[in-house]
Amino acid sequence: MKDQFGRELTYLRISVVDRCNLRCLYCMPAHGAGFEAWEELLSYEEIARACKIFSELGIRKVRITGGEPLVRPHIAELTFRIREIPEIRELALSTNGVFLKAQARKLKAAGLDRVNISLDTLDRMKFQQIARMDKLHHVLEGIDEAIQTGLHPVKINTVLMKGINEDEILDLVRFAIEKSIEVRFIELMPTNGLVQLDSKEGFLSCEGAKEKIEEQFSLLPFDTYFSSPAQVFQIEGTAARVGFISPLSCVFCARCNRLRLKANGALKTCLHGKEDLDLKKLLRSGASTEEIKKRIEEVVYMRPEQHFLNEPQVRHNDFQMSYVGG
Ligand code: SAM
């Protein structure tokens, strides 16, 4: 499956729920986040069918995300169903880690390969300030459990926020070294008006973070997938890595191989673009597999060449990361 610019689509990110047990200030409002009724979310049956269809169109990697995927009951059951699809070679999960300690083993047994865990701070008070819940110790236990269970690689995702966690960049790198894992710093992206952090004032570039890290550590370029949005470095003399994801300062659209399925069944061919197809409607209308494939191929072909986050006139009032899953 290719788009009009010749980019092959091999990676599907599925948000399985729009709810979350945290309220990170760059992602969701503290109160009044609107959620879909549960029956409006794709069922596991529907998600598994969609995955099978996508796999026949060339999808080889699936990531389960959210909202917070581990708040949806029996997520290991969905993991198992996706794992059963032979064409899907890699199955990953993005989580805030709060419920991971209890679920890591079950998920691994159900066929999950690897996990990305959000962690913006190692300070309990700051965690409460950012996530608006006192859950840091649960996340840290979840990270340890993921490592012990053999979910590999474990990657930490840290959103860079000026004046909030910029003083912890080196601590987070040391944490990654101590655990022999990868920490990836992500530039803050502008999302909708509900978010209580100004994306311009709070912005800290990956370049700035990298300079800070290089004052203390030697970073050796590390080869990643061609399509990876992260620039990854091995930290010399350690088993740890550090990655930088710069959606604003470095446009990686030219290599983008991703599709995103929202929990309500809307398919997006660009994270920052519009919803391109109501897959739920098709799945629930009795459309044949061939018809669904055709519709997917049509919208994929029309994918935009790049996002327009850097255009000053672009507003993101209709975009909330927790609905799309990052
Ligand atoms: N709950 C899961 C988690 O915490 O990873 C999955 C969903 S979360 C929306 C996916 C990723 O998006 C997280 O790493 C989160 O930090 C990131 N994210 C959310 N809002 C963001 C923003 N405005 N800018 C950059 N990253 C953001």
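The questions and answers below set values against definitions.

This is a predicted model, in which local features need pLDDT of at least 70, side-chain atom pairs count only at pLDDT 80 or more, and totals for chains, interfaces and linings use all residues. Residues are numbered from 1 along each chain as its sequence is written, and side-chain values use heavy atoms, with hydrogens and water left out.

Q: Why is histidine 74 called exposed?
A: Exposed means over 50% relative accessible area, buried means under 20%, and partly exposed lies in between (1.4 Å probe, protein chains only). Histidine 74 has 60% relative accessibility, so it counts as exposed. Its place is in the loop between strand 2 (61–65) and helix 2 (75–83); helices (H or I, at least four residues) and strands (E, at least two) are DSSP runs, numbered from the N terminus.

Q: What is stated about phi of histidine 74?
A: Phi of histidine 74 is near 60°, a positive value in a residue other than glycine.

Q: Why does arginine 132 count as partly exposed?
A: Its relative accessibility is 24%, and therefore arginine 132 falls in the partly exposed class. Arginine 132 is found in the loop between helix 4 (124–131) and helix 5, and its phi is also positive, near 60°.

Q: Is asparagine 264 buried or exposed?
A: The relative accessible area of asparagine 264 is 17%, so this residue is buried. The loop that holds asparagine 264 runs between strand 10 (258–261) and strand 11 (266–268).

Q: What makes the pair of asparagine 264 and alanine 266 a polar contact?
A: A polar contact is a pair of N or O atoms within 3.5 Å; within protein, one must be able to donate a hydrogen and the other to accept it, and residues adjacent in sequence count only if both atoms are side-chain atoms. Here a polar atom of the asparagine 264 side chain lies 3.0 Å from the backbone nitrogen of alanine 266.

Q: Which residues does asparagine 264 touch?
A: Contact means heavy atoms within 4.5 Å. Leaving out residues up to four places away in sequence, asparagine 264 touches Glu36, Glu40, Leu41, Leu42 and Lys280.

Q: Which residues have polar atoms at 2.9 Å from a nitrogen atom of the ligand?
A: Glycine 67 has such a polar backbone atom, and methionine 189 has such a backbone N or O atom. A polar side-chain atom of glutamate 68 lies 3.0 Å from a nitrogen atom of the ligand. The protein covers 94% of the 550 Å² of accessible area that the ligand has on its own (Shrake-Rupley method, 1.4 Å probe).

Q: What is the peptide bond from histidine 152 to proline 153?
A: That peptide bond is cis, with omega near -5°. Proline 153 has its place in the loop between helix 5 and strand 5.
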